[in-house]
Each structure stands twice: as C-alpha cells, then as structure tokens.
Amino acid sequence: MKRKKGVSYAKYGYIFSIPFAVIFLIFSLYPILYTALLGFTDFKGLGTKSWHFLDNPFQNFILILNNDSFRQSLSNTFIIWTANFIPQILLALVLTAWFTSRRNKLKGKGLFKVIFYLPNIITAASIAILFYSLFGYPVGPVNSLLIKLGLIDTPVYFLINKATARGIVAFIQFWMWYGYTMIILVSGVLGISPDIYEAAEIDGTTGLQAFWYITLPNLKTILLYVLITSMIGGLNMYDIPKMFMQGGPDNATLTTSVFIYNQAFSGSYLYNRAAAASMIMFLIIAFFSAILFYLLRDKDAIERRKENKRMRKAYKERQEAEKL
Amino acid sequence: MKKNKKSQSVLFKVVAYSVCILLVILSILPFWIMFVNATRSTFQIQQDALSFIPSKYLISNIQILLGKTFDPLRGLINSTIISASSTLCTIYFSALTAYALVAYNWKLRSPFFTFIMAVMMIPAQVSSIGFYQFMYKIGMTNNFLALILPTIATPAAVFFMRQFMLASLPLELVEAARIDGAGEFYTFNKIVLPIMKPAMATQAIFSFVSSWNSLFLPLILLTKSEKYTMPIMVSLLRGDIYKTEYGAVYLGLALTVLPIFIIYFLLSKYIVEGVALGGVKG
C-alpha cells in the first residue's frame, strides 16, 4: 500500500505541471532563445523571410555597445531610476516609521494607504499622457498653478527642456511607486516581533532609536528586495517614457526598452540590433535577479535551519559550527 | 517632562498629518483636474487650464472625441476579453502548478520550483523580438490568443499560490478524498480550488489589472485598429488629430482610467492587503 502511494501519485506532479511547462517552453523559452539567435544575424527589414549569420558573430553587439543612443539610453535609465528611487525610498521609510510608530498612533492609516497606492494601479500609458497634458505649454494646469501661486511670471515649456522632461518622468515613477514601497515596508515592520520593541521601550529607547536600531536592520532583506525589483523595473521602463515624450526631447527620456522598441518596430526594422540590445539587457537583469534569487533562497534556508534546530540538537550544533 | 512629551506628540501629529494630507492632494489632484477638464470646453481650458469646478461641455467633448479615431467602446471590449481570459488562465493554471509543487513528491519538484523562481523576473521586453517573429510566422499577430495563452505560465502567480497553499491547504483533506476514491484531478477542482479562493481572488485582481494596463506586447502584436486595447487607444490621444482638442483628450483619458478607478475603490481593501503580502509587482 505504502509503496503504491509513493509511486503512483508522484506522476500527478508531472502531469499537473505539463500546461505550465509546455506554455513556458513555447511562449517564453523559445522566444528568448530565438531572440538570442537573431542577435547574431543580419535579420532586418519588414517582411524579410531569410537571414544569415554574420561573419563576425558579435558584430551587432559591438555596434550596439558603441551606439550613442544605446549608451545614452543606459545612462538615462540610470539617471531617471536614481532620481525616482532615492526620494521614493526615503519618503516610504518616513511614512513607514510614522505608520508603525507605537507611541503616536495615527488615525486614517488605511485610507492613506489606499490613496497613496492609487497611482500605481492606474494605466501607466494614460498617466503619461495625462502628465503630458498637465505640463502643457503655453496653457496647462501646472503652468496655471505656478503662475497663480506667483512662483513664475510666464509659462515654462517643461517638455522641451531635457532636465525637466527627465525630472517629470522620474517624478511620475516616484509618484506611482512610493505607495507600493511603503505598503511593502509597513508589512515588513509588522512582521518584526513586538517583544523586541517592548524590551527596548523598557530600556528607555526613543522612537527614533527604535527605528534606527531595530526596524531598519530587520528590514534589510525587504529593502534589498525593493531595491532590486525596482532596478529591474526601472530597466524595463517603457510605458511612461514612450507615451510621455516618445523618448524625447533629444533622447533625454530614451530608456533601454524604448530604444529596443524603436530599433525593431520603427524606421528600418533592425530586428538583429534590437535582439542584441535585448540580450545585453537580459544579461543585466539576470545579474540583478541572481542577487535577488540568492537573497530569497537564503531566507528560506534560514527558516529551514530554524526548523531543524528544533528537531535535532546534534544537527543544530553542526550548523552552528558551520556558521562559525 | 510629561508636558514636554505631550507637546512633542502634538508636533509629531501636526507634521505627520500635514505631510499625509499633502500626499493625498498629490495623489488625487492630477485625476481631479483630468475629470474636471473632461467637462470643460477647449476654449475654457485655453483661458485657464486649472479649474476645480466641472463645466457643462461633457456632451460636446464626447461628440468631438468619438468623431475621430478614438473608439473607447472597442477598446473596452477588447481589453475586457483579453484581461478576463488572461486572468482565468493565470489563476487556474497557477493554482494547478502550485498544487503539483505542494501536494506531490516527485523527483524534479525542487528543481522545477527553483527554475520558476529563477525566471520570475524575466520581463516580456527581452524576448519580444523573438516572440514577435515567432507569432508573425505562425500568423498569430492581431490574434488575442497570442496575449492570452502565455499567461498559463505565470511564474510570479505560481510562487504566490504555492506560498498560500503551504500555509493553508491541509494535505489530510486530500488524503481523505483519496480514501473516498476521488480522482486526483477531481480532488483539485472540487476540494483544493475552493480552499484557494482568497489567494485566487487576490491574484485575479492583480492579473486583471496588469493585463489591462499592459502596453508593450499589445502594441507590438496588435496592429489593426479594431484589435486595439485601451492603452493602445490612449496613445491615439497623443497624436496630431487631437492636438488642439484639449477637452476631448482629458475626456478620453478619463474614460480609460474610469474602469480601473471603479475596480480600485470597490476592492481597495483587498488590493492593499494583496500588495502587503508581497505577491505582486505590477
């Protein structure tokens, strides 16, 4: 009976995984490999059927890495991401500290969370065009507001200036994501054992000290998770820069995703170059994912270790010896 | 000392509430301006683009908007078909895959899970060239199935479902069903799925919204205007034909945003909870 159970049910593990595996192979793995392959070919132009491998297989990669627009897109992505992430994480941390403060209980936290998260769920394409309209020139709500407040005398053409255009894209990203980050961090703090805080309170710790010495160290993994997923998200940034200014003005908001799209699906349809650029992006993302993967794995391993500790004393000692 | 603490606490509350209210305004204001300007005429907007009071030009804006290429009803129907089918595929097959990972002891179980974790972060963009060429070759561009079928394999949803199942699916129940002679597939559909309802509901909301909002792949695959989804439709508002029709542009934006607004305010509690569970990244 027992033997039968072990053998006969295991096959359902395979059977139930078939849909996922088949669809993944067809629609994800094959396209990735195909993209990688096309990166080594001369495949370009609309309606082209045949392609050949290039004499120098890395020609597309060399061209892309030396392409000014691509380099610009990498640096834009980095600038916009940084300008969005630093204020985003700082604001999220401050809000997290306030919302989880044990001494000063704020009211309406639930409502605040709902409203702060709102921009994140709205179609990014619509938001980009909304901001394009809001920053309109010579008439637009933002210009009207700034004139009414007496901050400027004449309307400013925000969209044509490289720095302000980038700033607006970074602001939209910040505005869309700080609520998300805050909710993640708050739930992380709620996961920290209240005993630690109680003990600290008995010792006379102030709220700020508790945040600095207890909350932050305990949030380390979650902060890294937020950092890395945000970086990967930043590399994929497409909807906002594409819809806001089509990567302009003068390539100031051209991100790597917009670059790839433009190479492949407009102008001369350089599928091979776009494929090479995709693979470069893939490698960068794989690198960041590997770090994240390691972090999440480590966490599971620690949990497993804890379980083992409870079960087997001898095993625990060996583990500790390993740790040392 | 006590008094000092009290005044400190008052100061804290003043600062905290002020900042929060400022952020509330920041979150709401752009949408408020959008909804208000959707009811104002282009002339009014040109006079003063910033107004908080709705006007009475909604009907004329609707006429201008619909008189051109923007077809919100078509976009709504297409987006609903794609998003609803994608959502069903995602939640059903993710639950099935997660069940395979949790309930059965098979040799490749842990490598398979590791693999799912590893590919979780790969975005659609990096394989888009190969994906497009592949779809083009088999004649599936302008076919919604090209956007729906891939969602059967959604690694992040499998991960989320697995975490939920590990915590709240009693395997004794499955054992009991076996003793009663239920088939494995029957057990999954009739016993496991009902238990998974909360996780499926959370995942359904996020799959639906992310599918509804997605732009990159639909923009590549759907080139015929009768196949346009809402986000592609939106991009028309950025074009030359609506260049001077400010009121109509705001109205078009408002129409694309409205369905998500309604869903959000109906389900906000579950959505915020779902985000807190960390199961999703939009």
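## Helix packing and the A–B contact

In this predicted model, α3(A) passes α7(A) in a right-handed crossing. The residues where these two helices meet are 19 nonpolar, 6 polar and 1 charged. As for the geometry, helix α3 (residues 68–99) of chain A and helix α7 (residues 162–190) of chain A have axes 7 Å apart and pack at an angle of about 35°.

Still in chain A, take helix α6 (residues 141–148), where Pro141(A), Val142(A), Asn143(A) and Ser144(A) are buried. After α6(A) comes Gly150(A), with a positive phi near 80°.

Now for where the chains touch. Chain B puts 74 residues in contact with 75 residues of chain A. On the chain B side, helix α1 (residues 2–37) gives the most, with 13 residues. That side of chain B divides into 52 nonpolar, 16 polar and 6 charged residues.

| α3(A) with α7(A) | 19 residues | 6 residues | 1 residue |

What about chain B as a whole? Its secondary structure comes to 14 helices and 0 strands. Chain B is more spread out than a compact globule, because its radius of gyration is 24 Å, well over the 19 Å that the globule rule gives for 282 residues. The C-alpha trace of chain B spans about 75 × 75 × 35 Å along its principal axes. Of the 282 residues in chain B, 44% count as buried. Among chain B contacts between residues at least 6 apart in sequence, 76% join residues at least 24 apart.

Technical notes. Residues are numbered from 1 along each chain as its sequence is written. Chains are lettered from A and ligands numbered from 1 in the order in which they are written. This is a predicted model: local features need pLDDT of at least 70, side-chain atom pairs count only at pLDDT 80 or more; totals for chains, interfaces and linings use all residues. Axes are lines fitted to C-alpha atoms, for helices over the stretch in contact, and angles run from 0 to 180 degrees between N-to-C directions. Helices (H or I, at least four residues) and strands (E, at least two) are DSSP runs, numbered from the N terminus. A crossing is left-handed if the near helix is turned anticlockwise from the far one by less than a right angle, and right-handed if clockwise. Ala, Val, Leu, Ile, Met, Phe, Trp, Tyr, Cys and Pro count as nonpolar, Asp, Glu, Lys and Arg as charged, and the others, Gly among them, as polar. Two residues are in contact if their C-beta atoms, placed from the backbone, lie within 7 Å. A residue is buried if 20 or more other C-beta atoms lie within 10 Å of its own, exposed if 12 or fewer, and partly exposed in between; C-beta atoms are placed from the backbone. The radius of gyration is taken over C-alpha atoms; the globule rule is 2.2 Å times the number of residues to the power 0.38.
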